[in-house]
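Please look through the structure below, together with its sequence. The text after it walks through a few parts in turn.

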Amino acid sequence: MNAIPLFLSAYLPANFERMAKADYDSQRELLLEGCRSLQAAGNEKLLELHRSGGSGRQVVEARTDLVDRMIQDLFRYCSLDLEDVGENGPCCIVAIGGYGRGELNPLSDIDLMFYFGGQDETFTKVLSERMLYLLWDLSLDVGYSVRTQKDCLEQMDRDVTVRTAMIDARYLAGDTLLWEEFENRVMPQILGKNSRGFIQAKLDEQETRRKKYGSSVYLLEPNIKEGEGGLRDIQTALWMAQVKFKARTPRDLVVKGILTEKQYEEIEQAFDYLWHIRNELHFLSGRKNEQLYFDIQEKIADFLGFKSSGKAQAVEQFMQDYYAKASRFEAGTARLVEQVVRREDFLTTTKAFLSRRRVAEGFAVQRGELHLTEPELFSQRPEAMMEAFELAQRHDVHLSMEVKDAIRASRPLVNDKVRRSREMVDTFFNILKYRKRMGEALRQMNYLRFLGRFIPEFKRIFCLVQHDVYHTYTVDAHSIFAVEELEKLWNGDYAKPYPLLTQLAQDVEKGELLVLAVLFHDIGKGEGKNHSQRGMEMMPTISRRLGLNKEDSERLAFLVEHHLQMAHIAQRRDLHDPKLIDDFAQLMGMSENLKMLYLLTFADIRAVGPDVWTDWKAGLLEELYISTYEHMEKGGFAQEARSERVRNRKRKVLEMLREEYPEKAIQRLLRGFGPRYLLVCPKAEISRHLRLMLERGEKPLAMEVEHNAERGYTGLTMTTLDHPGLISQITGVLAAHGINILGAQIYTNTNGEILDTLQVTAPGMESAKAGKRWEKVEADLESVVEGRVRVADLVRKRQQPDFMTKRPKPRRANRVVVDNSISRDYTVIDIFAHDRIGLLYQITRTLTDLGLYIDISKISTKVDQAADTFYVKDIFGTKIRDPQKLEEIEQSLLASLDEEL
């Protein structure tokens, strides 16, 4: 034990015991002050021990020892005058739960049980009240129970949480005969009664916990206690094993032969690592906190001594280390749980256990698991390890623990000769060609660290973290999720929402090559920045090792190098710019490249995290694919096909509206819109827009609000007469009302009217019930458009101080890129900034002040990062070419991005 030599008596007057025995109540404040002084000195010593390099175990043992001595002293001081209370029925204090295990982090709960004989509870009642109120006055988080032997046995039957806490019961103070009674009469029931029910309850608890805290080790802000691979996973496995094998302590599992010394030492090391981080987490937070939030990750990385390098930030190195270790901890606890469950099943299903079906030389399937029939198979033939994954995939079974352990032990045998062997490579491609449970096979390979042995480059992205809120998973987990998205396309899961993608997936010439591209698209991130280029440079080596021919090798490198290109163009560029489509078609070269890149882009975005893929992005990507494909396949006829689609669209819209409005008025509006608008918007949407424009009449502005609960945003459509600075006015009014703009499309009609469609989020305004608030928005827009109110005054008036503390998130530096090469007719401005309400107003106001006219805008938001693009011209309707003016645009925008609204 790492005791901190501090005692309560040192903070009390010399005659305290005599005075407290005479009148406890008169001395309570002295006792409380003494406890406060002890607690302050103890916390200071704990922090000093932690900061000076004390291990996780040393610190938790030191705090446990400190609390033990305080509880023991309080028991004595609080009972000095109780000799004549009731029958002085015997009582002992028992530490339970984490405190019972001796695992108190700096701000952990303290769980106490007052155990008494049951004859007269007066003594126990008075004592417990005195002690508990003192502990609560010290602001300690104390849980308690007052129980007899009968209470313990009844409550453990009703509540598995009570039973679990008592598994770790430890004597603190009081009647030792009572403690012996608990050990001899209660503990055997805790460990022995209905073990099967207890084990199932803990398995159910674990499943519920993972649903709540995440079923993946690789979550962005993991919970160190409740998350997968965290403290609770290890503790649960030990509890189940202790009950199953009647082990009073985890150490007894070694004595009984359930755990080896090495396995026990690995568990101890896992606790020490997690406690060390949890101790720092508690000290930094100043409260009981189990979540590794972004801002805290950076501080812990610094505390642990990680240093940023050219390849990764310090915090990314720390989190990679954490995920790798948590993954290993999860694997170890899963092995112990399986050991418990298997023995449990064996007792009840012996016949099923003995059934066996041979599926290949050296392998058999029994009870849904793949087993080895030749224990030395992998050491004699390392290529058989890949065969194990293939057999599990084909027969839809799991790898048994015995097979997993054998693969872990035999991994070092996979050297360059083995990984290049025809047998292993062919088996790997069989897995990629099967198109069912492919992702699961790759996940198991990665989980067992086998994938990194077979593809050494993949090892560099194992548990690799990207420190931002956009990427939900580690790079390796994301890559495998992306493969599963492709698998879903092949299996028809997306046939209804995405028929074109589903058909293209079926039409791909070499599906296994596409799988490789998806699996390797981010592999360059293990080498630092510019990962697309670095990944492309790795492909020739990997291709040679896998025996790919020259054409396939080049295509694989092409897909990895350009895997970001399609999403970038679809979301950030004008898809109706002929030059853009021509340039992209030239880059693609062949329609098969275009098809595979489209599918790769889909899988990549879908696998980033929840809600990243949207119908809006889906529509943009599909439009880019179709436009480029037609350009490549039809050449000069593509423009003719576009023109025909525009004519058809106009004709159908006219048919839909001619009974409601004069035909000339409809035709005038349709003539005023260019092909870009008429090709982007469906005919029903165009009809709705034209109705709004025609109904506006003499009003300064018309607006329509449509709530889209399914997609999580509100759609705004508004029309008015165009004038300089209009976009800035609209975005300013929305900012003044606390409305955040997710996307915006600006369409100008040659008759002088403008049509804007926006996708926004507005807290408290997401339903039809907020109609009056939207009416106020429309009224303010009208006032600003007519010049009766200045938008800057509205923004200033609506500003309110934010009293809510928001947790910091990783933020990238603001960036502005001004480019004249992208478009023939426009200067294109790309702006990258932290998203916030009013950002678009600040940008558009700055562009207006610079004398620029916005013709096309592409607004894109990735969680909290905005990537906005503006196609602009000067007052003469031409590109901005003057170098000084271009520099002024960049610097003015950067300055505005740093301003507070």
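The model is a predicted one.

Four strands make up an open sheet with mixed pairing, in the order 5-6-7-8. Strand 5 (357–360) and strand 8 (398–399) are at its edges; each has a single partner strand, so one side of each has no neighbour in the sheet. Strands of a sheet are paired through backbone hydrogen bonds, and the pairing can be parallel or antiparallel. Between strand 6 (residues 363–366) and strand 7 (residues 369–372) the sense is antiparallel, with 4 bridges. Within this part of the sheet, F363 is placed opposite L372 of strand 7.

Helix 18 (residues 401–410) lies across strand 7 and strand 8, and its direction makes an angle of about 55° with strand 7.

An α-helix has 3.6 residues a turn, so residues three or four places apart point the same way.

The last stop is R278, a residue of helix 12 (residues 261–285). Is R278 buried or exposed? Its relative accessible area is 7%, under the 20% cut-off, so R278 counts as buried. With neighbours within four places in sequence left aside, R278 is in contact with N105, S108, I224, K225, L231 and E290.

Note on methods:
Residues numbered from 1 in each chain as written. Predicted model: local features only at pLDDT ≥ 70, side-chain atom pairs only at ≥ 80, totals over all residues. Heavy atoms only, no water. Pairing = 2+ DSSP bridges. Helix = DSSP H or I, 4+ residues; strand = E, 2+ residues; numbered from the N terminus. Contact = heavy atoms within 4.5 Å. Axes fitted to C-alpha atoms, helices over the stretch in contact; angles between N-to-C directions. Buried < 20%, exposed > 50% of the residue type's maximum accessible area, 1.4 Å probe, protein only.
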